[in-house]
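Me: I'm new to reading structures, and I'd like to know where the labels come from. Could you walk me through some?

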Amino acid sequence: MSNVTACPLDCYDACEIVYENGILKGLKSGYTQGFLCPHMNHYDKYETIQAPRYKNREISLEEALLKLKEMINSCEKDKVLHYRGSGNFALMQEVTDHFFASYGATLTDGTLCDGAGEAGIEEGRGSNKNMPITEVAKSDVVIFWGRNPHTTSSHILPLIKGKTIIVIDPIKTKIAKMADLHIQLKPHTDLFLAMLLSRFLHIENGCNEEFLDKYASEYEDYYELTQNIRIKAVLDQIDVSLGKLGNLLGLVKDKKVAIVCGVGIQKYSDGVDIMRAIDAFAAMLGLFGREGCGVSYLGSSRANIVSPFNKKSKKVSKVNTEFSDFETVFIQGANPLSQMPNSSRVKESISKVKNIVYFGLYENETSEAADLVIPAKSFLHKDDVRTSYSHNKISFMPKVADSEIGISEYDLSAYLCREFNIEIQNEEFYIKHFKNFAVQKIDGSWYVENRDEIPYKDGFDTDDGQFVFLDELDSKVDESQGMYLITSKSQTSLNSQFNRQESVFLHSSLGFNEGEFITVSSISGSVKLRVKHNDDLRKDCVLIYSGTKGVNNLTTHKHALSTKSAIFQENKVEISR
Ligand SMILES: Nc1nc2c(c(=O)[nH]1)N[C@H]1C(S)=C(S)[C@@H](COP(=O)(O)OP(=O)(O)OC[C@H]3O[C@@H](n4cnc5c(=O)[nH]c(N)nc54)[C@H](O)[C@@H]3O)O[C@H]1N2
Ligand SMILES: Nc1nc2c(c(=O)[nH]1)N[C@H]1C(S)=C(S)[C@@H](COP(=O)(O)OP(=O)(O)OC[C@H]3O[C@@H](n4cnc5c(=O)[nH]c(N)nc54)[C@H](O)[C@@H]3O)O[C@H]1N2
Ligand code: SF4
Ligand SMILES: [Mo]
């Protein structure tokens with residue numbers, strides 16, 4: 001048995017792991033550089049579900065599979081919903097799609113994660129080809145724009161030592177404290193900052209005109225659009241000084257610049273336009289198609305990999321799923337009762353479902369609500385392959401240990417396919433299929449075939465190869481009543497897996513005491529949480545981490561404009577004793 005595998009979690013880094021006698025260590029070579037994060041360092045300490053159960057009574061795996069078959073059989077095919085989350089990011093998770101799609105059930109589309117940003121990138125460039133972290137390593141200047149690398153992507157840190165660091169974030173994060181420049185702007189104002197940066201770059205003759213003439217020829221029209229912004233008034237509104245704008249431009253001019261964006265910028269209804277304005281600033285600087293330059297966001301981890309699974313089916317959005325339209329709902333690798341927006345709506349809708357099945361590793365709100373619970377095998381106990389949304393490596397994940405507990409996604413799908421007369425290949429066939437997309441490079445590592453290290457060298461993937469700038473300014477600075485909700489990722493949990501936070505974080509000057517309970521409310525609902533102080537926050541912000549119980553009582557299930565992506569920071573909030 002090989003003892004090298006990879007972390008399956010939904011994370012930029014996709015670390016490679018050496019498994020020895022129950023101990024997980026980071027592979028010394030490659031991006032992993034010998035270290036893992038708290039989740040993997042303590043992986044065996046988190047209690048997993050040990051046995052299947054039906055209506056709170058423990059049953060055998062055979063009984064559980066029979067029950068599942070019965071539940072699927074008990075209603076019309078179009079009353080069966082398959083809802084799959086991102087608890088495990090490896091490629092074999094999708095084998096269940098194959099069964100459910102072939103059977104005639106409904107699957108989901110849309111995203112709770114990065115969809116608005118991705119749509120913005122696609123509108124501008126015609127595709128979302130990501131700048132991999134190997135290229136970030138070659139830059140002079142790194143701008144962390146709505147990304148918190150110490151928490152969510154720590155393996156980028158060794159690669160950026162000695163570089164000029166700029167951070168654009170309403171929170172004084174750890175990277176902001178180390179940065180050469182931190183712009184602690186008001187949340188939800190990045191579109192204006194990005195447009196003003198483009199405008200001043202143009203005024204100061206800092207644009208890369210050679211690049212623009214060739215690949216983004218509408219830039220003068222875009223410059224004109226930026227002139228609709230009233231400089232003084234908007235800078236006051238977004239809480240950024242003219243001096244800081246100048247400082248930023250001074251640091252990036254004529255340098256190799258990587259803009260490393262996270263999901264923080266796009267959790268809003270106009271998230272698509274926000275990302276597009278940031279991309280436009282990158283275009284004005286001529287950052288595309290050049291070594292050590294570009295925008296590193298969340299690429300598609302599936303880019304250049306053709307799925308072997310049938311996925312053709314009716315689909316409903318993951319963001320506002322009407323569970324009550326279905327009679328049997330199969331939930332895999334997800335905790336929708338915590339992680340979907342507008343929890344009270346989700347609760348109400350899911351409570352009307354006759355058969356709720358939860359297929360996962362850990363107990364949580366969704367396993368509690370389920371009629372049938374089936375434990376999954378962990379990544380250590382099944383074969384898989386994974387790719388990353390931040391670099392181009394492909395990692396093989398052979399089974400490294402045996403376990404009697406649970407069932408793999410493949411075995412569950414193979415059982416259902418057998419019972420319902422649906423064709424399915426053997427497991428090795430699929431693993432081999434995925435491995436066929438891997439090529440070995442001189443460093444000895446395997447990479448996804450044909451992914452560009454430096455994308456857009458010959459222009460963009462739009463119809464005419466030109467970058468498409470925003471041509472209208474639809475947004476206004478949100479000056480509605482209330483405080484900004486920031487709901488970003490916690491160091492101690494991976495969304496709702498592992499150690500979930502239980503507090504609301506506020507600036508100490510707001511007059512609430514550490515330890516007291518307060519009510520945070522929005523138009524969607526409210527949550528009562530214990531206060532912790534954090535003076536790295538702005539005074540107009542309330543921070544509640546992803547995975548905190550009840551945080552999504554506050555959020556809206558509306559989609560971002562023009563794409564099916566969730567918008568967790570759209571609702572303003574009030575706080576009271
Ligand atoms: N430890 C840990 N790691 C994780 C995860 C986890 O839960 N825990 N989750 C994984 C997943 S699913 C994802 S998608 C990634 C996401 O990882 P990141 O992209 O880093 O996402 P967030 O932590 O949501 O937000 C990043 C930063 O955006 C800032 N921000 C919030 N609002 C705004 C704004 O309006 N403007 C600007 N400029 N900044 C803003 C926040 O203060 C925060 O510092 O992380 C992955 N890695
Ligand atoms: N307030 C707020 N809400 C958010 C976010 C936010 O920042 N703030 N972030 C959003 C984002 S970016 C994301 S990606 C989503 C994530 O939301 P979800 O996809 O629901 O992710 P998790 O909460 O991590 O739950 C994953 C589940 O997968 C199960 N699991 C783990 N490994 C396996 C496996 O190998 N097989 C099976 N069958 N199950 C497994 C675990 O039991 C766990 O319960 O949350 C979104 N919700
Ligand atoms: S940093 Fe990310 S990929 Fe690496 S071990 Fe932690 S969760 Fe897994
Ligand atoms: Mo995510």
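Me: Let's start with Ser413: why is this residue called buried?

Reply: Keep in mind that this is a predicted model. Ser413 has a relative accessibility of 1%, and buried means under 20%, so Ser413 counts as buried. Ser413 sits in helix α17, which covers residues 409–419.

Me: What makes the pair Ser413 and Thr96 a polar contact?

Reply: Look at the distance. A polar atom of the Ser413 side chain lies 3.5 Å from the backbone nitrogen of Thr96, and the cut-off is a pair of N or O atoms within 3.5 Å. Not counting residues up to four places away in sequence, Ser413 touches Val95, Thr96 and Ile424.

Me: OK, on to His188. Is His188 buried or exposed, and how do you know?

Reply: The relative accessible area of His188 is 11%. The limit for buried is under 20%, so His188 is buried. You'll find His188 in the loop between β10 (181–183) and α8 (190–203).

Me: Now the ligands. How do you know where ligand 2 lies relative to domain 1 and domain 3?

Reply: Check who supplies the shell. Domain 1 (4–109 + 303–387 + 393–448) and domain 3 (483–576) both give residues to the shell around ligand 2, so ligand 2 lies between them. Strand β15 (residues 355–360) gives the most, with 3 residues.

Me: What makes Ser496 and Asn552 polar contacts of ligand 2?

Reply: Compare each distance with the 3.5 Å cut-off for N or O atoms. An N or O atom in the Ser496 side chain is 2.5 Å from an oxygen atom of ligand 2. For the side chain of Asn552, the distance to a nitrogen atom of ligand 2 is 3.0 Å. Of the 930 Å² of accessible area that ligand 2 has on its own, the protein covers 97%.

Definitions and conventions: Residues are numbered from 1 along each chain as its sequence is written. Chains are lettered from A and ligands numbered from 1 in the order in which they are written. This is a predicted model: local features need pLDDT of at least 70, side-chain atom pairs count only at pLDDT 80 or more; totals for chains, interfaces and linings use all residues. Side-chain values use heavy atoms; hydrogens and water are left out. Helices (H or I, at least four residues) and strands (E, at least two) are DSSP runs, numbered from the N terminus. Buried means under 20% relative accessible area, exposed over 50%, partly exposed in between (1.4 Å probe, protein chains only). A polar contact is a pair of N or O atoms within 3.5 Å; within protein, one must be able to donate a hydrogen and the other to accept it, and residues adjacent in sequence count only if both atoms are side-chain atoms. Contact means heavy atoms within 4.5 Å. Accessible areas come from the Shrake-Rupley method with a 1.4 Å probe; for residues, only the protein chains shown count as cover. Domain bounds come from an automatic or database domain assignment.
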